[in-house]
Amino acid sequence: MIETGQTMLLDRSPGFGVYIHWPFCAAKCPYCDFNSHVRHQLVDQERFARAFETELATMRARTGPREVTSIFLGGGTPSLMKPETVGAVLEAVAKNWTVPAGIEVTLEANPSSVEAERFRGYRTAGVNRVSLGVQALNDKDLRFLGRLHNVEEALHAIGLARDIFPRLSFDLIYARPGQTPEAWRAELEQAIGHAADHLSLYQLTIEEGTPFHALHAARKFVIPDNDQAADLYALTQEVTAAHGLPAYEISNHARPGAESRHNLTYWRYGEYVGVGPGAHGRFVENGRRTVTVAEKMPETWANLVEARGHGVTGGEVLTRAEEADEFLLMGLRLAEGIDLQRYETLAGRGLSTARLSVLQEEGLVAPVGNARLRATTAGMIVLDAVVADLAR
């Protein structure tokens, strides 16, 4: 069993994370483009647990001995896993790498699949942080988003999580059809009243291949335009900061010290192993950053793992330029910004002083002392354009 206690103090080290993807959901949300699948028969959890264990061992052979800084069980809906399945997977992680006591171990959960007994089972297995997919705090919008829970069930799940786990986060989606700044302020303040130490607040985006993409194209609903969405984003920053939950990343807010260690590994361009159907990994192998991409279809992935020890079907070895571009794209999402010396080491050159000067004059980026660079609030809204300009 993985021992759990206080989470490690955060520093700016990128870290080494382990991501486990549970691909099954009770229903597919119309806005979701994640690798998730609905099965109307019982999932053979023992089979998938064995496959996770096998693929983890294969990844250990590729990474060598490492010290894990965080574990994240995402999906899909990991709260459909039995606590015994979670326990087996966490034991397999600890068997392959060094897992210090008290590291952050997060499990995503949907309010509709929450039971107190199951939550206590996850806690016993080693989970010490839960991320709840609440998404809205009014029933009309929950139905629009295709969620299976209502507000009462969401608040019940939040209360259970606060009682059982040392740490809790939950998600909300804003810029929903017809959402006014006044309505979002009221909902956000209600959410903060229930939050423990972390909130993830995402703007509704229309992703290609989702049911919402077709419905939006057919004008079955309208979402706030770019200017309205920018106003809602600015309001989000204002309200959360005023309540002691400032943004540490574009969409993530936390009390100081309660930032997600695992997500910081991504944004600080650390290394991580991805295991499970559709999972991605990025780790250094033979001195180069390697990308792994697993087969998406769950049963096909399991067949591959049983046949050859892993379900990886794609990936690449990144060039130095590609590493530098990814580092820029991920790091400028953070309020702390990027380490300019690390960028120069990856890219083999510094950022263009001419482009930096223009972006600073436009109020889109700002220096942090002499060693770091961050995007401003205005820059965060147009971050893709800022990164593209800097990376040229």
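# Exercises on a Predicted Model

The second largest pocket has a volume of about 300 Å³. The model is predicted, so to speak of local features requires pLDDT of at least 70 and side-chain atom pairs count only at pLDDT 80 or more, while totals for chains, interfaces and linings use all residues. Residues are numbered from 1 along each chain as its sequence is written, and side-chain values use heavy atoms, with hydrogens and water left out.**Exercise 1.** Describe the lining of the second largest pocket.

*Step 1.* A pocket is an open set of points on a 1 Å grid over the protein atoms alone, where a 1.4 Å probe fits, with protein on both sides within 12 Å along at least five of seven lines; lining residues have an atom within 4 Å of a point. The volume is the space filled by probe spheres set on the points, which are joined across faces, edges and corners.

*Step 2.* Of the 13 lining residues, the closest to the centre are Gln41, Leu42, Val43, Gln45 and Leu80.

*Step 3.* The elements that give two or more residues to this lining are β2 (24–25) and α1 (45–63). Helices (H or I, at least four residues) and strands (E, at least two) are DSSP runs, numbered from the N terminus.

*Step 4.* By class, the lining has seven nonpolar, two polar and four charged residues. Ala, Val, Leu, Ile, Met, Phe, Trp, Tyr, Cys and Pro count as nonpolar, Asp, Glu, Lys and Arg as charged, and the others, Gly among them, as polar.

**Exercise 1.** Determine which side of helix α15 is buried and what covers its buried residues.

*Step 1.* In α15 (residues 383–391), the buried residues are Leu383, Val386, Val387, Asp389 and Leu390. Buried means under 20% relative accessible area, exposed over 50%, and partly exposed in between (1.4 Å probe, protein chains only).

*Step 2.* These residues lie on the same side of α15 because they cover an arc of only 160° around the axis, the arc being that of the directions from the helix axis to the C-beta atoms.

*Step 3.* Asp384 and Ala385, on the other side of α15, are exposed.

*Step 4.* The cover over the buried residues includes α11 (320–331), α13 (353–361), β16 (365–368), β17 (372–375) and α14 (377–381).

*Step 5.* Aspartate 389 counts as buried because its relative accessibility is 18%. Leaving aside residues up to four places away in sequence, aspartate 389 touches Arg355 and Leu359; contact means heavy atoms within 4.5 Å.
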